[in-house]
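Dear colleague,

Please look through the sequence and the structure first, and then go on to the notes.

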Amino acid sequence: QFLPPWLYEPLMAQAISLAEAAELFDLWLMLGEPDRFTPECPRLQQAASRIGLLLDQEVSATRH
């Protein structure tokens with residue numbers, strides 16, 4: 001199955017589990033692919049937070 005880069009990269013970096021990636025992907029698709037969303041489930045909120053931290057690190061590293 002295809003995962004968008006914003007999920008695939010954290011999955012490969014082991015910031016999120018495969019189960020979390022699958023659930024977030026399903027939720028993202030059901031919500032009509034919004035740019036940003038906040039999951040209601042605390043477990044998925046934690047996964048989304050880890051994704052955000054990983055993406056922030058990547059942005060910081062490219063700014064040097």
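Is Trp28 buried or exposed? Trp28 is buried, since its relative accessible area is 13%, where buried stands for under 20% relative accessible area, exposed for over 50% and partly exposed for what lies in between, computed with a 1.4 Å probe on protein chains only.

Before the rest, please keep in mind that this is a predicted model, in which local features need pLDDT of at least 70 and side-chain atom pairs count only at pLDDT 80 or more, while totals for chains, interfaces and linings use all residues. Residues are numbered from 1 along each chain as its sequence is written, and side-chain values use heavy atoms, with hydrogens and water left out.

Overall layout

The protein chain has three helices and zero strands, and along the sequence this reads as α-α-α; helices (H or I, at least four residues) and strands (E, at least two) are DSSP runs, numbered from the N terminus. Of the 64 residues in the protein chain, 30% are buried. Where contacts join residues at least 6 apart in sequence, 40% of them join residues at least 24 apart, a contact being heavy atoms within 4.5 Å.

The core

The largest nonpolar core has eleven residues, namely Leu3, Leu7, Leu11, Ile16, Ala21, Leu24, Phe25, Trp28, Leu44, Ala47 and Ile51. Such a core is a set of buried Ala, Val, Leu, Ile, Met, Phe, Trp, Tyr and Cys residues joined through side-chain atoms within 4.5 Å. At least two residues of this core come from each of helix H1 (5-12), helix H2 (18-30) and helix H3 (42-62), and H2 gives the largest share, with four residues.

Leu7, which is placed in helix H1, is buried with a relative accessible area of 0%. Not counting residues up to four places away in sequence, Leu7 touches Ile16, Ala21, Leu24, Phe25 and Ile51, and its C-alpha is 6.1 Å from that of Ala21, although 14 residues separate Leu7 and Ala21 in sequence. Ala21 in turn touches Leu3, Leu7, Leu11 and Ile16, again not counting residues up to four places away in sequence.

How H1 and H2 pack

The axes of H1 and H2 lie 10 Å apart, and the two helices pack at an angle of about 170°. Axes here are lines fitted to C-alpha atoms, for helices over the stretch in contact, and angles run from 0 to 180 degrees between N-to-C directions. H1 and H2 are therefore roughly antiparallel to each other, given that angles over 145 degrees count as roughly antiparallel, under 35 as roughly parallel, 65 to 115 as roughly perpendicular and the rest as oblique. On the H1 side Trp6, Leu7 and Leu11 take part, and they meet Leu18, Ala21, Leu24, Phe25 and Trp28 in H2. By class, this contact has eight nonpolar, no polar and no charged residues, with Ala, Val, Leu, Ile, Met, Phe, Trp, Tyr, Cys and Pro counted as nonpolar, Asp, Glu, Lys and Arg as charged, and the others, Gly among them, as polar.

Aromatic rings

There are two aromatic pairs in the structure. In one of them, the ring centres of Trp6 and Trp28 are 5.4 Å apart and the planes stand at 70°, so the pair is edge-to-face. It links distant parts of the chain, with Trp6 in helix H1 and Trp28 in helix H2, 22 residues apart. Rings of Phe, Tyr and Trp (its six-membered ring) pair if their centres lie within 6.5 Å, and planes under 30 degrees apart count as stacked, over 60 as edge-to-face and the rest as tilted. Trp6 is partly exposed, at 24% relative accessible area, and ring pairs link Trp6, Phe25 and Trp28 into a cluster.

Gln14 is in the loop between H1 and H2 and counts as exposed, at 71% relative accessibility. Its phi is near 60°, a positive value in a residue other than glycine. Most residues other than glycine have a negative phi.

Glu9, in helix H1, is partly exposed at 37% relative accessibility, and, leaving aside neighbours within four places in sequence, is in contact with Leu54 and Glu58.

With best wishes
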